[in-house]
Amino acid sequence: MISIIIKNLYKKFDDTELFNGLSLEFNAGQAYALFSPSGSGKTTLLRLISGLQNPDKGDIIFKNNGKIIHKPGISMVFQEDRLCEDFSAVDNIVFATKLSKTTATGELIKLLPENLIHKPVSKLSGGQRRRVCIVRAMNYEEASIILMDEPFTGLDIESKKISCNYILNKKADRLMILSTHDTEDLNFLGLTPVNF
């Protein structure tokens, strides 16, 4: 099981200093919420953990049962959807994961009406697209870490509850880190808040 240790992290954009010696630990198998104010660097921290950005200084250490390893498999729900617009929801899932069309269909209908999942995602609403992104992230089998950046944007309360139950059912023993401004998300998912 994978854990993350962040040691003495520095990150600056132009004149804006986001992290000045930030140190955090994320324990294996747990679920965390980055629950800091807007502009504090929640998205940047997720991007640093994923390897999409590099810190100016400091270390992000991944351990598997206490042994330091190279970066493990990571799946991510980005703030922007990053879907293939002309693909259907099913084809987006098949393209990004190793699921068959039949299995992808079965996963999607847990969160979306079946009449929507074969339409191009460009025809879906914002909340429907977010649910496709959640299914994609939760079904990337090589991921031992799941990162989610404001995953419930555009979802009504009922859709959010259903999506949270789906996430909990699919998480297994993987480490999950989610950024949010909403205390409801902490309660629905049993997240440990992390402020920095």
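This is a predicted model: local features need pLDDT of at least 70, side-chain atom pairs count only at pLDDT 80 or more; totals for chains, interfaces and linings use all residues.
The protein contains 6 helices and 9 strands. Its radius of gyration is 17 Å, close to the 16 Å that the globule rule gives for 196 residues, so the protein is as compact as a globular protein of that length. Taken along the principal axes, the box filled by the C-alpha atoms is roughly 50 × 35 × 30 Å. Of the 196 residues, 49% count as buried, and among the contacts with a separation of 6 or more, 71% are made by residues 24 or more positions apart. The accessible surface comes to about 9400 Å², and 47% of this surface belongs to carbon and sulfur atoms. The side chains include 24 positive and 23 negative ones, and the centres of these two sets lie 4 Å apart.

Two residues may be considered for their backbone angles. Most residues other than glycine have a negative phi. Asparagine 65, however, has a positive phi, near 50°, and glutamate 150 likewise has a positive phi, near 50°. Glutamate 150 is placed in the loop between strand S7 (145-149) and helix H5 (157-171). With a relative accessible area of 66%, asparagine 65 is exposed, because this value is over 50%, whereas glutamate 150, at 17%, is buried, because its value is under 20%.

Technical notes
Residues are numbered from 1 along each chain as its sequence is written. Side-chain values use heavy atoms; hydrogens and water are left out. Helices (H or I, at least four residues) and strands (E, at least two) are DSSP runs, numbered from the N terminus. The radius of gyration is taken over C-alpha atoms; the globule rule is 2.2 Å times the number of residues to the power 0.38. Buried means under 20% relative accessible area, exposed over 50%, partly exposed in between (1.4 Å probe, protein chains only). Contact means heavy atoms within 4.5 Å. Accessible areas come from the Shrake-Rupley method with a 1.4 Å probe; for residues, only the protein chains shown count as cover. Lys and Arg count as positive and Asp and Glu as negative; His and the chain ends are not counted. The place of a charge is taken as NZ of Lys, CZ of Arg, CG of Asp or CD of Glu.
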